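Student: I have a model open and want to learn how to read its features. Can you walk me through some?

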Amino acid sequence: MIWGIFKRDMCHATRNVIAVIVSMGLVVVPALYAWFNIAASWDPYGNTKALKVAVANNDKGYKSDLIPVRVNVGETIISTLHANDQLDWQFVKSDKAIDGVKSGEYYAAIVIPKGFSADMMTLFSPDIKHAQLKYYLNEKINPIAPHITDQGATTVVNTIDKTFAKTIAQVGLDLASSILHYSQSPQMAEYMRNLNGNLTTMADTLSGASQQVTSYSQLLGSANDIVDSTGKLLASATKAGKQAQNALKQGKSGATSFTSAGANVTSSVNTALDQVSGAFDQVAAKVNKAFDAIGKDSDTAASQLATLSEQISSGESLYDTYITSLNHMRESVEQLPDSDSAKQALLEAIDREITLLEAAKGDSQKLAQQLKDASTQVTQDTAAAERSRKEILNRITSAKQSISNVRDDYATNVKPKIDALASTVSTLISQTDSMITQLSGTADDLDDVTGDVGTNVTSIRSTLGAIAKKLDSSAATVKELITKLETGGNAGDGNSDGGDGDNDADSGESDELRALATANASTLSTLISAPVALHRVSVYPIANYGSAMAPFYTILSIWVGAIILCAMLKVTISDREKAHVLGLGDTLPRIAGPSGPGNASRWGLRLDHEYFGRYAIFALLALLQGTLVCLGDTYFLGVQANHALQFLAVGWLAALVFSNIVYTLTVSFGDIGKAVAVVLLVMQVAGSGGTFPIETLPKFFQMLYPFLPFPHAIDAMHAAMAGSYGNEYLLDMVYLALFLIPSLLLGLVLRKPVIRLNNWVSHNLESTKVM
């Protein structure tokens, strides 16, 4: 019965030319549907060269003291994009770029702002700014174009990152290489020998100065003893006239000693002031050395400046001691009679000396504060540090001038008046015998003076002792520096025969630095800018985008072909055809009842015979559709198919399954079944995972995914094209074939209860005269 129905259907389908043309059209149209879509999407991302993207460079560049090379990242970007053919880059002004995006002339625009390079170089300052590109995008022109131009913008950003990192790394490596090469040159070796010699001489000078200061302190101690003895002799002069005469003589000797002590004090003060002035010269040298280290070792420079600030601060006690001594001297002078013409002049000279000392002390305090401030600036702002350097050197010059003013004023005004006072005292003692009666009071006054002188001498000796200790400490520091330089030089030579573990470690570090600096700077900077290189390994590679999309469009066209077959061919068998198949003539006997499925079953033409008999031509045409579209994919379009027979087998199975599902829906529910087939088509286009991974789809489609035939057919075709993992291909083919079970169950079993319902629905639709 099935064969009889199929033979008559084939005869009818080939009875005339129109029938043959329509039959051929039914086979060709689905293939055309697939081929046009596959060809259109063959290599869309390889044809982006025509997409116009504007680029505008407003970057003004940047240059700093740290990197004495003008950096213009914007120009680097433009140069790089000139060699990039990923998109059609248009290099225009920023106004035209933005207007072009709005008008649709450009798909996107990238504008590099004025301060782009400067913002990138804030990496080396405390106030780091994130450099930004302005990216303008016209999203209404095409839904896919923004994603393609986004890739172009990402390429620009990656290029900037790599170029910036490479530039900074290359500058640093070149600098390190230059320093290492210079350190190994004969000129540098000569400099090091001269430096060691000068440092040795400096250490010897400091040690000698310390010994001289100690000697001056001892000499002042002897003078102090003389002054004390003079006071005691004057105190005993009140007992007798003879003793008074002797006391006057001793007083004259004491006055001479006082003058000598004053001279010694003057000499000691001058020496101390000279040492302070020389110390300021050393401070200036150390300041220059510390600022010269900025950029190479800013932390060490900061530490040296902080140490100098502490040393200057600690020296302020010298000024306090000297001021105290002058105040004591002033108190002694105030005890002289007002009639003494030298009193007022001496007081004014002492006050002026105190004022100059306080000014010098203020200069030292300001110098110490500037050194302290500079120690925190050298690691933050190079330009500010250079200004601080000039201010500090000016402050050192000012402090030295203040010391010179103190020394000159002392020698010009204070010392002559003290000498004059001592001379006056000696003259009064030798010429005036009448003062014997008043000797007791005079002796007391002189005892106060000698006490003040002793106090001053003690203070000066204490100051000189502190200076001697600082000189010894400075000499020790210089000697330690010489030792370190000699050790570093031996470690850097690499020719020493032995040494302790530290030298070995230093030598190893020097060797590593030498190896790094002598390597290719360009290669190393490239490695630093992009330390990780992506090596892409394709697993089951697909030749091109068209091949990747071929399974989806091929399977989709086969389903569309099944719908077209049911739209063009009749799914029910007329009573006339049934009668001819049964050999009953042109009509069924009246006892067959109304026309419909299963009305000829009493003569042996059952419902399943009708189902399979009419489906046979559907299956044949569907197989022809699947064969044509698969062969066209492989041999006409050149779609990748590593296993061509398996690829063709997927098309055959999909054609049988899809045609059976659509045929069953149409047989069971008529035109409503066709509508259901279209709904299933729409659902599978969205939820098959043929274009986007199923994991990226909404939850509803992820749940629906396993119960649709498209995904399994597409996966099987992918396995046939690129290779199968294990039994992946066979499992997908089995899953696809399983959809025949519910389709056949509906067409052979569940269809019977709904035949009358379907007839009733069809009758009502036809009664509308529209449907």
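Predicted model: local features only at pLDDT ≥ 70, side-chain atom pairs only at ≥ 80, totals over all residues.

Student: Which residues make the nonpolar surface patch?

Tutor: Nonpolar side chains (Val, Leu, Ile, Met, Phe, Trp, Tyr) are joined within 5 Å, if the residues have over 30% relative accessible area and no salt bridge. Here Val 17, Ile 18, Ile 21, Val 22 and Met 568 form a patch of about 490 Å². Helix H2, residues 17-40, gives the most, with four residues. Helices are DSSP runs (H or I, at least four residues), numbered from the N terminus.

Student: Is Ile 21 buried or exposed?

Tutor: Buried means under 20% relative accessible area, exposed over 50%, partly exposed in between (1.4 Å probe, protein chains only). Ile 21 is exposed, because its relative accessible area is 51%. Ser 23 is also in helix H2, but counts as buried at 18%.

Student: What does Ser 23 touch, beyond residues up to four places away in sequence?

Tutor: Contact means heavy atoms within 4.5 Å. Ser 23 touches Ala 13 and Leu 621 on that count. A polar atom of the Ser 23 side chain also lies 2.8 Å from the backbone oxygen of Ala 19.

Student: Where does Leu 746 lie?

Tutor: Leu 746 is in helix H24, residues 740-750. Its relative accessible area is 18%, so Leu 746 is buried. Leaving aside neighbours within four places in sequence, its contacts include Thr 664 and Phe 669. Ser 668 is 78 residues away along the chain, yet the C-alpha atoms of Leu 746 and Ser 668 are separated by 7.6 Å.

Methods
Residues numbered from 1 in each chain as written. Heavy atoms only, no water. Patch = residues over 30% accessible without salt bridge, like charges linked within 9 Å, V, L, I, M, F, W, Y side chains within 5 Å. Areas by Shrake-Rupley, 256 points an atom, 1.4 Å probe, with all protein chains shown as cover. Salt bridge = Lys/Arg side-chain N within 4 Å of Asp/Glu carboxyl O. Helix = DSSP H or I, 4+ residues; strand = E, 2+ residues; numbered from the N terminus. Polar contact = N/O pair within 3.5 Å; in protein donor to acceptor, adjacent residues only side chain to side chain.
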